[in-house]
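Notebook open, structure loaded. I want to look at one chain-chain contact and then at the fold of one partner.

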Amino acid sequence: MSEILTINNLKVWFHTRRGTFKALNGVNLNLRKGEVLGLAGESGSGKSTLGLSIMALLPSNAIIVRGSKIILKNRDYLKYFELFPEEKIDRKFKIKKNQKIMKHIRDFLAKIRGKEVSMVFQEPMTALNPLLQIGYQITEALLAHSSINLAKRILSRINLTEDDVREILKIVKSSKNVEKDLNEFSKLKKLDGIEDQVLYILNRKDLSTIRKERMIYSLKEKMKNPLTMSYLKKIAENKSIGIYRFLNRIPILKRYLKGVLIKEGYRKAIELLAMLNIPHAEKVVYMYPHELSGGMRQRVSIAIALANNPDIIILDEPTSALDVIVQYQILQLISELKYKLNISFIFISHDLSVLAEVCDRIAIMYGGRIVEIGPIDKIFYESLHPYTKGLLRAIPKISKDIKTIESIPGTVPDMRNPPNGCMFHPRCPYVMDVCRNKVPKSIEYSKDHFVECFLYGE
Amino acid sequence: MANVIIAAYNLKKYFPVGGFLFSSKQTIKAVDDVSIKIKENEVVGLVGETGCGKTTLGKLLIRLIEPTAGEIFFDVPEEIIVEYEEALKNKDTKKIEKISKRYSFLNKKGGELRRMRRYMNIVFQDPYSSLNPRMLVKDIIAEPIISTGYASKKEAEELVFKLLEEVGLTPEFAFRYPHELSGGQRQRVALARGISTLPKFLVLDEPTSALDVSIQAQILNLINEIRKKYSITILFISHNISVVHYMSDRIAVMYAGKIVEEGYKNSIIFDPKHPYSKALISSIPRPEPMREKIIINLQGEIPNLINPPKGCRFHPRCPVAFEECGWTADEVFQDIEYIIMRRYAEQFNGIKRIYIEDDFTISVEYEGKNLIEEKLKEVLNKEKQELRSLISIKNIKSESTKIKIELYKFVEPEMYKSKDGINVRCLLYREKK
Amino acid sequence: MKLWLYIIRRILLIIPTLIGLTIIVFILIHVRGNNLIIAEYLNPHLTGAARDYAIQQLYQRFHLNDPLFIQYFYWLYQVINGDLGLTRTPIYSGPVNTALALFYPNTIMLALVSSILIWIIGIPIGVWSAVKRDSVFDQSTRVATFTLYAMPAYMVYLLVLIIFAVYLKWFPISGAVDPLLLQGVSWYVNGISYPTHIIFIDALLHGDINIALNSIWHFILPSLGIALGGVAGIIRLLRSSMLEVLDQDYIRMARSKGISESEVINIHARRNALIPAVTSFVYGVAGLLGGVVVAEVIFNIPGVGYWTVQALLNNDAGGILGSTLIFGIILVTASLILDIIYAALDPRVRY
Amino acid sequence: MSKNIGLIGRRNYLLKQNPRIEELKISFKIFFTNPTAVAGFVITLLYFIDIILVQFFPSFIGISDPNRYIYNFNNPVPLPPSSSHWCGTTAGGIDLCDAIIKSIRIDLIYSLFIVIVGAIIGLLLGLVSGYLGGIFDEILMRITDIFFSIPYLVLAIAILFVLGVSLENIAFSLIIVWWPLYARYARAQTLSIKQMTFIESAKASGTRDLMIMFKHIVPNVLPPIFVQISLDLGTVVGVFATLAFIGFSPTANIPELGYLTSLGLNYISIAPWSVIIPGLVITVFALAVNLMGDGLRDVIDPKRRSV
């Protein structure tokens, strides 16, 4: 299987008033195409920091230590930057200079953010801007990366001829694989973007067939004014928009030029929301976040993440703030998307039971390292690391004969002052002398199942 | 048989909603007509989604907030409860009043109430705001001891150290402020405070929701230890059903202000009766990746409690709802309008307007003399599977230029006893006449 | 639709406040007894029985023998009918409503221009210093706002006056318009310009650009002074609310979409940060109107504030009554407008 | 067994350190590691030393009559700063240095009085109405609404008109204007504390309402109010001086900074120092108080303390 993301020896620390907080201490991880990778750990294990590092959204006091590698689709982004080596991060550390580096990384990666990697955050209540319409918040993501597609969609409707429509209807009625045939048709006729719009109408459940046909007929649009047309053509052909950039600053013209794209963004947003089973999507786009329930808002967040067809979506505790029933709906949705769209997911959660529902592989994090990673059944039924075992024993399971749960003694380590050797040794029931001094290396115990513990290996 | 420690009948709590200029008469029916009995030494789990009223119910039981209506008995002789229930059944108002006057927990006032507070307490979810940041741990723990007159100030100091040890903290914690403690330690302090007067009844409101898994396990085991040692009766409120199942003997499921099902925990978890409990329990995530899943997918959202649905509050989302579950004209109207005006608009050209006649009749006015009635019947029949509300249509009558759609009258569900001792509030389980 | 409903509701809520305002003004005027009212209406040249008779007449006219709360209703009736009594100050003697018509335009102009200036100066500086947190710009802004915030209002105006009028001589030291220009102008009679009473607009209406420009030139310095006095609070507030907003989840979400940093700040952060600034500006307006009073005294501008101080120094009840009432109405209207702006900014309020 | 451990533990702890004193020590540490706060504190202290000296030892700093200015009609036109007059003179030949040293006392004492009395009234009403709620709260809020509907300076002028212009009356009018602010603030604080779950737990433990008020609400409401007082002191000094600046006719002859500034107003184009220097004295004080208040705000911020 092809690997889409590889992380090597990632170390991310935070500079704080009370010392350096070592959030990630050498994370190695790979993500394959089309899989859901679960990332489990308690608070302070660094799982959220890992997600933010991939997105390059770390706060300004974060330090990425030299030697860290984040390789996305065979490109190592961090190699362009002069990162600080580990030994230089001490009392006299130049925080200002590091802030500049972090800002460079953040700006540099803006073009992949939302396009190749996107993220869904934990709190659906606070993740959406309360003052902007749902539709606009989705459109914004589209405008940032896919204005070409938006322009093509508009042009495809304008270029649509009567004959084309008749042909489309023929495909719709007779074809066995409508999706494939439509795709071929749009490529052939150079009507990129029309196929999505037709499919959206076909998939609508609230219309009868006759109405659907009528709607496909009415897709055809009139020519717009010449200024707008040439603007759209330039964007669709990915040419520099030169003078239009200036024209877009003039309020009235902006409504004509950018406004056309925004309007199209809303159309696309409706299609996205409908794909995520949001009822009345055409009304929802004009609503504000406070008018939606938590589950709906989380779907909107997922729609934003999906907007540009990314390769990877990072889900940071997407269901922790939701009730069980809604949580299940979201989990189901994620599984569906995985099969439908061939996207890789990183699913961050503190709740192993949730991960068990959707993941293909699970990585267990502790003290800023991945202590165990493997296929889901291996992690749950043949776990190796004492911490994983402890975690599994601490979850109450629903079964007729109730087993008492066992807790892990002690508390999570203070990452400003992490213990030497294996991070888990102060709480580990199998602690040996070697654990106190040396950091264990990752061992492939069985196929695809890695563990960092001295109990295994030689 | 164990004694009943707390019994509540027909509890209601309506919160007023602030309105335009002068407060309107609208209320949020947070808890509506709930009866619950908890026996000595029992742990009752209360589960439900956010906003279903489970926390309100917990607070009502220990009178942290006053109920709008209803009756609570706390630690009264068994005979009285039997007598009261008898009177309720026979609607013997005189007797009800007599018993209430003498034994009701709601009639206790002032000093008497304060002294009774020694026998009950509550532990809250958020360990960060439930401890006063400007008090020392020892004062926090000692507060209920002194306030309820359980012990003198001097004795309280001694007790504090004993309690700290009881919850697994060292004595020096007595002289710390809450902000110096971690989440788990704070929850231990809150627990120590909760048991400081050796209460008979303790409400635990999501005590572990804010904690990590490994810490949660520590606290849950601590609660179990303590309750066995001091034989405390517990109402365990949580949205985490696995935790509730682990902790309790009986489970009650709440939905939209009502208890919809209640019974022995394994019967509820492994064989739920109410359609809502079925859906709820089927969607619990479990740490067993390869298990077979039977999923009941629910449509729609939790109802607004200002204007809850009539009849069974679950009926608009219920996959098995039938004629009498609580459908009213305004619900059916929306679906009929959708069918006529949008989905099959081209088939119903002559229709002038659709309107609600009364609670159980909808009228459709049309022009001309096409066969609209037959078509409507056919379409409505076809869509019954998709749109559950259409099931409540009793008959469709034609009257000159309008069609009258009549609905079944609904029945308010009560608690029915099913075979394995579960009480269910669902018409499917009422005894057939 | 919902916005309109909100506005109507908000306007209705003003009524009790306005009634309270009239009660306070009424009490203030009557605490010192009836003599002040009588003194205003009494012909000072009368003596003996004629004087007594005139006093008697006045007692009857103003129902001064009735209980206070009944007097209040008579008084309120008068006020609603536009009769606010008489005023006698060195700058104007006559009916209070004429005085108000004469003085309020200058005050409104000052208040309006300075509040607009406050936002024009405050928004970019506040937003920018939060975005460039701890930079040299931010540090110097903080020092400047701290100092401005600490200065008493009159000190700010005096400094502005000394720097721009005394040393640089860019602007005139005092007055609303150069009196030399107004000599022989037909639409300017006895210190009142016609028809709108606002010199700038009247001058434009009569095609006298020179006077219009001159009046603007006179208004710049006092408005700038008032704006500087009020801008420090807005900058501090905007900076802190902006910092708070920049920490919010939705900002992180916006960045995760890959939109440019300027869009994150201009579209997502700024509007959210403005909301607390707008709500707290209700208190800011109260301070600003106080500043208008002081500025009118210092810059010698014939406005309501100047008149108020003259009334205080000359023991004139009519002036105090009229000015308190008009300032109250201005403030209530301003808070109404701010609330509407707030509702327009924040869709959550309309619910 | 357990009792013994408890006793020993407690005794050891009480001997070693008292947690309340420890807490105070941390507070001092937070305050005194903030250089600007310390600077503010020191300057404020200097002003108060000036008050004590003028009040009790006027001759010690060479002041003959602390209650009025000394005119020198030989030289009524202001003179620039020189070796004989360090800060120069103002109208009527008054020596500015001497005048300022005298005037600080009046401004500060009155402002302190205004803030403290206003805070006490506002705090009491705000606490009670916030805690009780209901009709009392409604009435208080409407009253404060009315007070807020008139700009405070205008309201103060109107009250001064009723009472007559004097220093005492300026103070009195400012108290009337200022208390609603504190009432609102204290009420808002009370309401936010009232929502915390620890109040509910106290109720569940059978604590009386009065005890909840004094043991839980007041200790949590007071610290932010203290910070507010210290911040307000700077504003009130300015407003007090402003009222004196516009309210007194030029013949009043009282040692007060706003009035002192107004004396130089007619000479502003030839003797700017006569208005700048007295104004700066107030500005520096207000600045110092603000810096100190900001430092205090850090001290009570729980975020600065948690582990």
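I went to the salt bridge first: the side chains of B:Lys59 and D:Glu200 meet at 2.7 Å, N to O. The term takes a side-chain nitrogen of Lys or Arg within 4 Å of a carboxyl oxygen of Asp or Glu. I count one salt bridge between chain D and chain B. On the side of chain D that touches chain B, α1 (2-16), α2 (19-32), α8 (197-204) and α9 (209-247) each supply at least two residues. α1(D) gives the largest share, eight residues. Helices here are DSSP runs of H or I, at least four residues, and strands are E runs of at least two, numbered from the N terminus.

A note on the source: this is a predicted model, where local features need pLDDT of at least 70, side-chain atom pairs count only at pLDDT 80 or more, and totals for chains, interfaces and linings use all residues. Residues are numbered from 1 along each chain as its sequence is written, chains are lettered from A and ligands numbered from 1 in the order written, and side-chain values use heavy atoms, leaving out hydrogens and water.

Next, the whole contact. I get 32 residues from chain D and 34 residues from chain B, with contact meaning heavy atoms within 4.5 Å.

Then I looked at chain D by itself. I find eleven helices and two strands, in the order α-α-α-β-β-α-α-α-α-α-α-α-α from the N terminus. The C-alpha atoms of chain D fill a box of roughly 90 × 50 × 30 Å along the principal axes. Of the contacts in chain D with a separation of 6 or more, 71% join residues 24 or more positions apart.
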